[in-house]
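Please consult it alongside the sequence and the coordinates.

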Amino acid sequence: MLAVAAIPAHGQDLLARQAPVDRKMAAVDTIMLRNIAMREESESPAAELYANWDNKYAHRATELPENYRIDLRHFCMPTTSRVITSNFGSRWGRQHKGLDIKVYIGDTIRAAFSGKVRIVRYEGGGYGKYIVIRHNNGLETIYGHLSKQLVEENQEVRAGDVIGLGGNTGRSTGSHLHFETRLCGVALNPALMFDFREQDVTGDYYAFNRASYDAESANATRLRGKQDGSTIARANSSDDFATNNRMTSGLEDQVQYHKVAKGETLETIAKKRGVTIDKICKLNHISKTMRLRPGQILRYS
């Protein structure tokens, strides 16, 4: 108080006038910092998790954090299909790093979250035509086996933007979407975050924890994967098929699938399902000479 009393009256007036100026400058600084942060986020989404941004590789595993909360709000399901044809995890003696979702050539594929396109490329022995998007929530999503890519590298996209069309390119035996979710380049089970049958995410957030991940992943597959209920097949039956309600010109019709058993051919399947071989080939965009593999999903109606 003595110090303030010692300041001359005109000095006190200057201090009084300076106070609101200081507050305005602080507000301006805050806005500038926010704009800088937004610009940096736009240039390199989730920069706190990734050391760099480049378009050279589909994924490169780095050290995962012990815990990380992934924001699942403001999402869009990449496809309206509810049919899962292959789960995340061990398959045919190797690890399947994503979910396979039944789509048809030309079906619309959308960005799951807002972010920036990192890769648009073709890989004949794997993903086929594929897209990698890095999102602001820390995830990277991969969309494989597309028939057409409709975005470019370094392009910013919003959740729900059309990025490609469903297809059967690369290492694929039938049209489908191969969908991956990766954190720091490490594949996480998409079923932990996406419920294709319900066409929804599993919550507002997914709390990744390294210690509990394996158990959570197995449970997610049990709850939301191919083997649960009749998402893709009628459980414990050699007469596997699935139905999926699709909207066509405003009318709802039933789409049915057959799961190929060992030794089956197009001829035996056509006879069993009461349809022609030509119809099966047309619905699945395959030739009559195509070699079928056990577990393959074929549409027959």
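Contact here means heavy atoms within 4.5 Å. The structure is a predicted model.

**Helix H3**
- Helix H3 comprises 12 residues (213–224) and reaches 16 Å from its first C-alpha to its last, close to the 16 Å expected at 1.5 Å a residue.
- Tyr213, Ser217, Ala220, Thr221 and Arg224 of H3 are buried.
- Viewed down the axis of H3, these buried residues fall within an arc of 100°, so they line one face of the helix.
- Strands E2 (84–86), E14 (186–188), E15 (194–195) and E17 (205–209) pack against the buried residues of H3.
- Exposed residues Ala215 and Arg222 are carried on the face of H3 turned away from its buried side.

**Helices H4 and H5**
- The axes of helix H4 (residues 266–273) and helix H5 (residues 277–284) cross at roughly 105° and come within 9 Å.
- H4 is therefore roughly perpendicular to H5, as angles of 65 to 115 degrees are classed that way.
- H4 contributes Leu266, Glu267, Ile269 and Ala270 to the contact, and H5 contributes Ile277, Ile280 and Cys281.
- The residues of this contact of H4 with H5 divide into 6 nonpolar, no polar and 1 charged.

**Positive phi values**
- Most residues other than glycine have a negative phi.
- His145, in strand E9 (residues 139–146), has a positive phi near 70°.
- His145 is buried, at a relative accessible area of 6%.
- Asn154, in the loop between strand E10 (148–149) and strand E11 (156–157), has a positive phi of about 75°.
- Asn154 counts as partly exposed, at 39% relative accessibility.

Definitions and conventions. Residues are numbered from 1 along each chain as its sequence is written. This is a predicted model: local features need pLDDT of at least 70, side-chain atom pairs count only at pLDDT 80 or more; totals for chains, interfaces and linings use all residues. Side-chain values use heavy atoms; hydrogens and water are left out. Helices (H or I, at least four residues) and strands (E, at least two) are DSSP runs, numbered from the N terminus. The expected span of a helix is 1.5 Å times one less than its number of residues. Buried means under 20% relative accessible area, exposed over 50%, partly exposed in between (1.4 Å probe, protein chains only). The arc is that of the directions from the helix axis to the C-beta atoms. Axes are lines fitted to C-alpha atoms, for helices over the stretch in contact, and angles run from 0 to 180 degrees between N-to-C directions. Angles under 35 degrees count as roughly parallel, over 145 as roughly antiparallel, 65 to 115 as roughly perpendicular and the rest as oblique. Ala, Val, Leu, Ile, Met, Phe, Trp, Tyr, Cys and Pro count as nonpolar, Asp, Glu, Lys and Arg as charged, and the others, Gly among them, as polar.
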